[in-house]
Amino acid sequence: MVRAIRIGEHAFEKKGAAEEFLKAILYKYDIGDLVDAKDSEILSELLHRHPEASLKIGPGIESFHVRKADFGTRCFYVTRVDGTEEKFSARSCL
């Protein structure tokens with residue numbers, strides 16, 4: 001059974017389409033870059049879908065960055081309002 005996914009105002013018929021959309025955002029930025037406001041809105045909606053959203057978000061979201069991850073990959077990091085940071089997997093949010 002195919003399950004539609006909604007991330008904010010973006011709707012996807014399949015999980016794979018959502019993954020491709022998010023991958024395009026991830027690779028749009030260089031390592032260390034701050035994610036712009038438009039993409040940050042999408043990532044905020046996405047992060048609220050994470051199974052451990054309350055732990056990842058903590059006291060609140062300040063910004064998002066793209067950083068190096070394990071095995072030469074990259075991932076999104078959330079910077080919280082208290083200055084702490086946490087990486088998160090977009091796939092885990094879907």
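Mentor: On a 1 Å grid over the protein atoms alone, a pocket is an open set of points where a 1.4 Å probe fits, with protein on both sides within 12 Å along at least five of seven lines, and lining residues have an atom within 4 Å of a point. This is a predicted model, in which local features need pLDDT of at least 70 and side-chain atom pairs pLDDT 80 or more, while totals for linings use all residues. Residues are numbered from 1 along each chain as its sequence is written.

Trainee: How much space lies in the largest pocket, and which residues are the closest to its centre?

Mentor: The largest pocket holds about 460 Å³, a volume being the space filled by probe spheres set on the points. Its lining has 19 residues, and L26, R74, S89, A90 and R91 are the closest to the centre.

Trainee: Why is the aromatic pair of F12 and F21 called tilted?

Mentor: Rings of Phe, Tyr and Trp (its six-membered ring) pair if their centres lie within 6.5 Å, and planes under 30 degrees apart count as stacked, over 60 as edge-to-face and the rest as tilted. F12 and F21 are 5.2 Å apart centre to centre with 50° between the planes, so the pair is tilted.

Trainee: What makes F12 count as buried?

Mentor: Buried means under 20% relative accessible area, exposed over 50%, and partly exposed in between (1.4 Å probe, protein chains only). F12 has 11% relative accessibility and is therefore buried, whereas F21, with 25%, is partly exposed.

Trainee: How do you know that the charged end of R67 sits over the ring of Y77?

Mentor: The rule asks for NZ of Lys or CZ of Arg within 6 Å of the ring centre and within 35 degrees of the ring normal; the charged end of R67 is 5.5 Å from the centre of the Y77 ring and is classed as sitting over it.

Definitions and conventions
Heavy atoms only, no water.
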